[in-house]
Amino acid sequence: MSIDEKLVNKGLSETLVRHISESKNEPSWMLKKRLEAFSLWKETLIPNWGPSLSGLNLDDLVYYIDPSVEETTDWKELPKEITDTFEKLGIPKAEREYLGGVGAQYDSGIVYHNLQKSLADKGVIFENMDVAVQKYPELVEKYFMTDCVPSSDHKFTMLHGAVWSGGTFIYVPKGVKVGLPLQAYFRMNRPSAGQFEHTLIIADEGSEIEYIEGCSAPRYTSSSLHAGCVEVFVMKGAKVKYLSIENWSRNTYNLNTKKAMVYEDGEMQWVNGNMGSCVTMLYPSSVLLGARAKADSLGIVLAGEGQNQDTGAKALHLAPDTVSTIRSKSVSKDGGISTYRGFVQIGKRATGAVSSVVCDALILDDKSVSNTYPSTKNDNKRVNISHEAKVGRLGDDEVFYLRSRGFSEREAERLIVGGFLEPIVKAMPLEYAIELNKLIELEMEGSVG
Amino acid sequence: MKNNTKIILNTYVEPNAFKYGLKIASSFSEEFLGIIAKGGEVIEVAPNETKKIENNLSQSKLLIVYVGEGATFEYVESSKSQVVGKNDIHIILAGRGAKASITSSYDFVGESEVDIYHKIYHEASHTISKIDVRGVLKDKAHVIYRSDIAMGKEIEAKGEESASFLILSEEARVDAIPSLDIASNDVRCSHSLSIKDISRDELFYPMSRGLDEENSYKLLVDGFLEI
């Protein structure tokens with residue numbers, strides 16, 4: 001692997017934070033932001049709720065690596081295990097044929113970036129976050145970790161604020177509708193490395209954008225950490241669809257923060273698929289600030305052996321006639337733990353708010369666990385809040401029916417799981433639906449029957 | 001003064017909490033070790049027995065119930081006044097075929113401030129549980145409602161949990177967390193929650209039949225609470 005070994009010091013210190021900022025030639029306000037986040041991080045304890053993070057040694061991680069890899073479009077440089085997976089999933093093809101632009105992040109820096117010219121002409125900005133800091137300082141300073149996700153949010157946003165590196169910056173000007181989805185891929189290719197990419201999407205008034213993020217990492221023996229951050233600003237009347245499939249290797253702690261601020265008549269749509277990593281804590285949040293703002297969150301989770309998938313969604317209704325819809329589907333197998341942890345809050349001013357939460361869980365064997373913890377806080381009279389959850393197993397009748405039609409037991413179970421997850425797979429664009437379906441098939445191989 | 005209705009079970013364990021502990025049944029694992037301070041009431045339902053408790057929610061209460069093999073426990077609770085208090089019910093379905101149900105209808109008025117927690121532990125196979133809670137909130141009432149159905153490993157069981165709240169005043173508030181903790185695949189378990197007010201559409205029908213607004217309203221609220 002051609003990575004410069006000059007900075008692989010483990011652990012986090014002020015010197016390192018200064019080094020990161022210096023090597024990126026950042027303006028002083030960004031360094032100040034990083035140092036503030038770092039000092040908060042030092043004082044804050046690891047959260048004591050949710051899955052155990054005891055296997056995560058924060059002192060043993062490499063927080064920043066200067067990549068010496070030149071800009072590349074060559075997927076063959078990846079380790080074979082991963083390219084095989086990509087081949088099976090048909091990613092390069094999808095990338096070449098369908099997608100508007102692709103940014104791939106190789107360890108901590110972006111190595112490949114491309115945006116169709118027609119989009120650039122309309123004023124759409126699709127940049128590496130590091131470059132954006134240099135090229136569009138006013139925009140970045142105004143929106144980067146300020147109102148949406150301040151670095152003081154929790155322990156891992158503080159860490160992120162101190163050592164963030166790379167990621168994507170998207171700005172869509174007023175009224176511009178981006179027809180093709182933009183895509184970025186993030187990968188970690190180093191043992192005990194942390195990945196702290198920052199995604200900032202600003203959809204100005206009346207614009208529309210769809211952004212896809214895929215994440216994966218090959219397997220290494222010591223554990224890695226992914227503490228990314230996604231901030232989305234959905235201005236008046238804008239529409240943003242954010243899709244991500246996270247398939248980190250099984251020793252990664254995926255502690256991600258995703259949040260959107262949605263203004264008047266804005267629409268935010270989250271689609272998240274989680275199948276990798278050992279511990280995932282991910283709760284995409286939507287803050288509905290303007291009247292009639294809408295948030296829609298779809299999530300699927302596969303929890304296999306040794307995995308603890310703690311995911312959910314949050315919706316904060318702070319304005320009248322706001323609407324939130326949360327759908328979550330989980331499959332636990334081989335001793336995996338899947339947890340839905342959600343939060344819906346209806347504020348005093350959110351008269352006429354409507355919120356609906358639906359969670360479905362499938363448990364495939366007796367070793368696995370499924371939990372549901374939906375919280376609701378309501379301070380308003382004129383609301384309509386509903387929540388529903390179901391936990392169950394594969395039906396014997398369904399399996400019997402398919403077997404009577406000539407499917408093997410394993411095929412039958414795979415088909416039923418596929419059908420169970422279908423509503424979410426359907427919400428994805430074609431090439432991602434194919435990827436997800438194949439990922440599910442790969443996950444299910446040899447797991448049931 | 002210690003809070004006299006404090007109970008700490010599995011996930012809510014504090015590090016040194018157990019020193020006040022009292023093992024509630026030797027056949028249960030450490031995990032279900034509970035802390036019962038003054039005011040805790042333990043009820044055992046012997047095998048093949050049916051026990052029904054009717055309670056008027058009026059004060060702080062902690063109830064722990066063991067339901068033996070083939071036994072049934074029914075709990076009916078109602079309230080129609082201003083209440084301030086905490087109400088915890090833990091039902092342990094300990095024997096094969098044990099059944100339990102909690103049926104509550106609350107009509108909270110004035111400055112009611114209530115914390116309700118219903119938890120059912122399925123510790124044996126062929127156990128069935130049902131929780132049905134309906135609440136109407138008026139004036140400045142504030143309710144915290146939590147419920148949880150926990151099913152252990154290798155348990156075949158069925159659980160159903162439903163909570164609905166009608167909010168009839170601008171100042172009433174409700175916070176709800178209906179949870180499920182499932183560690184077995186041979187189960188059917190569901191829960192649902194709804195929080196809403198009475199809409200103009202719902203009022204329209206009884207009013208079109210000649211009732212005035214006040215009576216239509218009353219009719220709908222009474223209908224909601226009738227379980």
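Tutor: A:F126 and A:Y211 are both buried, where buried means under 20% relative accessible area, exposed over 50% and partly exposed in between, computed with a 1.4 Å probe and protein chains only. This is a predicted model, in which local features need pLDDT of at least 70 and side-chain atom pairs count only at pLDDT 80 or more, while totals for chains, interfaces and linings use all residues. Residues are numbered from 1 along each chain as its sequence is written, chains are lettered from A and ligands numbered from 1 in the order in which they are written, and side-chain values use heavy atoms, with hydrogens and water left out.

Over all chains, the structure holds 11 aromatic pairs; rings of Phe, Tyr and Trp (its six-membered ring) pair if their centres lie within 6.5 Å, and planes under 30 degrees apart count as stacked, over 60 as edge-to-face and the rest as tilted. A:F126 and A:Y211 form an edge-to-face pair, with 6.4 Å centre to centre and 75° between the planes. This pair links distant parts of the chain, since A:F126 sits in strand β3 (residues 125-128) and A:Y211 in strand β8 (residues 208-216) of chain A, 85 residues apart; helices (H or I, at least four residues) and strands (E, at least two) are DSSP runs, numbered from the N terminus. Ring pairs also join A:F126 and A:Y211 with A:Y242 and A:W270 into a cluster.

Turning to the charged side chains, the structure holds 24 salt bridges over all chains, a salt bridge being a side-chain nitrogen of Lys or Arg within 4 Å of a carboxyl oxygen of Asp or Glu. In one of them, the side chains of A:K135 and A:E127 meet at 3.1 Å, N to O; A:K135 is partly exposed at 47% relative accessible area, whereas A:E127 is buried at 16%.

A:R292 forms a salt bridge with A:D265, their closest N and O atoms being 2.8 Å apart. Because A:R292 lies in the loop between β15 (285-288) and β16 (294-303) and A:D265 in the loop between β12 (252-262) and β13 (267-274) of chain A, the pair ties together parts that are 27 residues apart in sequence. A:R292 is partly exposed at 41% relative accessibility, and A:D265 is partly exposed at 36%. A:E264 is linked with A:D265 and A:R292 in a network of salt bridges.
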